[in-house]
Amino acid sequence: MAGTAAGAGTGGIIFPLIAQQLLPRIGFGWTVRVMGFVILFNSIIILLIARVRLPPRRVGPLVEWNAFTEIPYTLFCIGMFLNLWAVYFAYFYIGVYGKTIIDLSASSSLTILLVINAIGIPGRLSCGLMADRVLGPVNTLTPVAFLSGVLLYCWTAVNSTGSLFTFCIVYGFFAAGVQSLFPAACASLTADLKKMGVRTGMCFSVVSIACLTGPPLAGALIQKDDGGFLFAQVFGGSAFMGGSATLLAARISKNGWDLKSRM
């Protein structure tokens with residue numbers, strides 16, 4: 001799962017470079033079309049090589065409302081809503097922060113974006129390996145989300161090019177871990193394999209609202225702060241703190257206080 005998620009890091013490198021190189025030459029319309037052709041090419045490769053490992057199960061319900069009566073599952077959905085509410089804020093606005101606050105050039109601001117995406121490749125793989133071999137997905141996801149929140153608070157102290165690059169490297173590592181561990185952690189809460197698909201889809205539906213509204217909300221907070229980032233940084237850090245605390249509560253409600261048990 002983490003290896004698959006690492007593809008998002010490569011996309012975060014390739015597509016900004018496509019935009020940088022092609023927008024001045026062929027305009028917005030054809031730049032977007034080129035991106036579409038890249039995705040189409042990848043999709044064709046997937047269709048040619050992908051195979052179904054198991055026969056499809058009998059069609060079940062789109063929503064299993066009883067899942068929300070299970071406290072660990074409900075707390076996990078709430079915790080991941082809060083985490084994913086905050087996680088993409090830095091990806092959307094780190095370039096703007098570099099140009100307006102640190103006074104970086106346009107090319108350096110793009111480099112910052114490439115760095116935060118590139119470091120996500122080893123971040124996804126390392127966190128996935130830790131979850132698989134040592135702690136379990138939920139036990140790994142909880143401290144990774146907590147550290148991501150701490151880093152968003154630390155972002156308020158970034159005031160130089162060097163410290164901004166350092167923030168991008170460290171935050172990009174842990175934020176990528178949050179994104180890659182989420183699906184596996186969600187699936188680990190369901191013992192019945194017949195229900196795993198619908199429950200995972202339900203959780204994805206819940207957190208999709210957070211992914212959609214988080215960056216615009218952060219942008220509104222930046223505008224409210226007259227172009228400053230403090231309000232948005234505190235919002236992101238606080239959302240992560242609440243999310244990691246809720247994940248801890250989900251873990252305790254399922255396995256108790258035995259911190260040695262994998263989950």
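User: How many aromatic pairs does the count come to?

Analyst: The count comes to 16 aromatic pairs. The model is a predicted one.

User: What makes Trp155 and Phe167 a stacked pair?

Analyst: Their ring centres lie 5.0 Å apart, and the planes are 20 degrees apart. Rings pair if their centres lie within 6.5 Å, and planes under 30 degrees apart count as stacked. Trp155 and Phe167 are therefore an aromatic pair of the stacked kind.

User: Where do these two residues, Trp155 and Phe167, sit?

Analyst: Trp155 is in the loop between helix 6 (137-154) and helix 7. Phe167 is in helix 7. They are 12 residues apart, and the pair links distant parts of the chain.

User: Why does Trp155 count as buried?

Analyst: The relative accessibility of Trp155 is 0%. Buried means under 20%. Trp155 therefore counts as buried.

User: What about Phe167: is this residue buried or exposed?

Analyst: Phe167 has a relative accessible area of 5%. That is under the 20% cut-off, so Phe167 is buried.

User: Why is the pair of Trp155 and Phe229 called tilted?

Analyst: The planes of Trp155 and Phe229 are 50 degrees apart, with 6.1 Å centre to centre. Under 30 degrees would be stacked, and over 60 would be edge-to-face.

User: Which parts does the pair of Trp155 and Phe229 tie together?

Analyst: Trp155 lies in the loop between helix 6 and helix 7, and Phe229 in the loop between helix 8 (193-224) and helix 9 (230-255), so the pair ties together parts that are 74 residues apart in sequence. Both residues, Trp155 and Phe229, are buried.

User: Which residues do ring pairs link into a cluster?

Analyst: The cluster holds Tyr88, Phe89, Tyr91, Tyr93, Tyr97, Trp155, Phe167, Tyr171 and Phe229.

User: How do you know how helix 2 and helix 7 run relative to each other?

Analyst: Helix 2 (residues 71-87) and helix 7 (residues 161-188) pack at about 150 degrees, with axes 11 Å apart. Angles over 145 count as roughly antiparallel, so helix 2 is roughly antiparallel to helix 7. The crossing of helix 2 and helix 7 is left-handed.

User: Which residues of helix 2 and helix 7 meet?

Analyst: From helix 2 come Phe76, Met80, Asn83, Leu84, Ala86 and Val87. From helix 7 come Tyr171, Ala175, Val178, Gln179, Phe182, Ala185 and Cys186. By class, this contact of helix 2 with helix 7 has 11 nonpolar, 2 polar and no charged residues.

User: Why is Val87 called buried?

Analyst: Val87 is at 0% relative accessibility, under the 20% limit, so Val87 counts as buried. Beyond its neighbours within four places in sequence, Val87 is in contact with Tyr171, Ala175, Gln179 and Phe240.

User: How do helix 3 and helix 4 run, and why is that the name?

Analyst: Helix 3 (residues 89-100) and helix 4 pack at about 150 degrees, their axes 8 Å apart. The angle is over 145, so helix 3 and helix 4 are roughly antiparallel. Their crossing is right-handed.

Methods:
Residues numbered from 1 in each chain as written. Predicted model: local features only at pLDDT ≥ 70, side-chain atom pairs only at ≥ 80, totals over all residues. Heavy atoms only, no water. Axes fitted to C-alpha atoms, helices over the stretch in contact; angles between N-to-C directions. Helix = DSSP H or I, 4+ residues; strand = E, 2+ residues; numbered from the N terminus. Parallel < 35°, antiparallel > 145°, perpendicular 65-115°, else oblique. Left-handed = near helix turned anticlockwise from the far one by under 90°. Contact = heavy atoms within 4.5 Å. Nonpolar A, V, L, I, M, F, W, Y, C, P; charged D, E, K, R; others polar. Phe/Tyr/Trp six-rings, centres within 6.5 Å; stacked < 30°, edge-to-face > 60°. Buried < 20%, exposed > 50% of the residue type's maximum accessible area, 1.4 Å probe, protein only.
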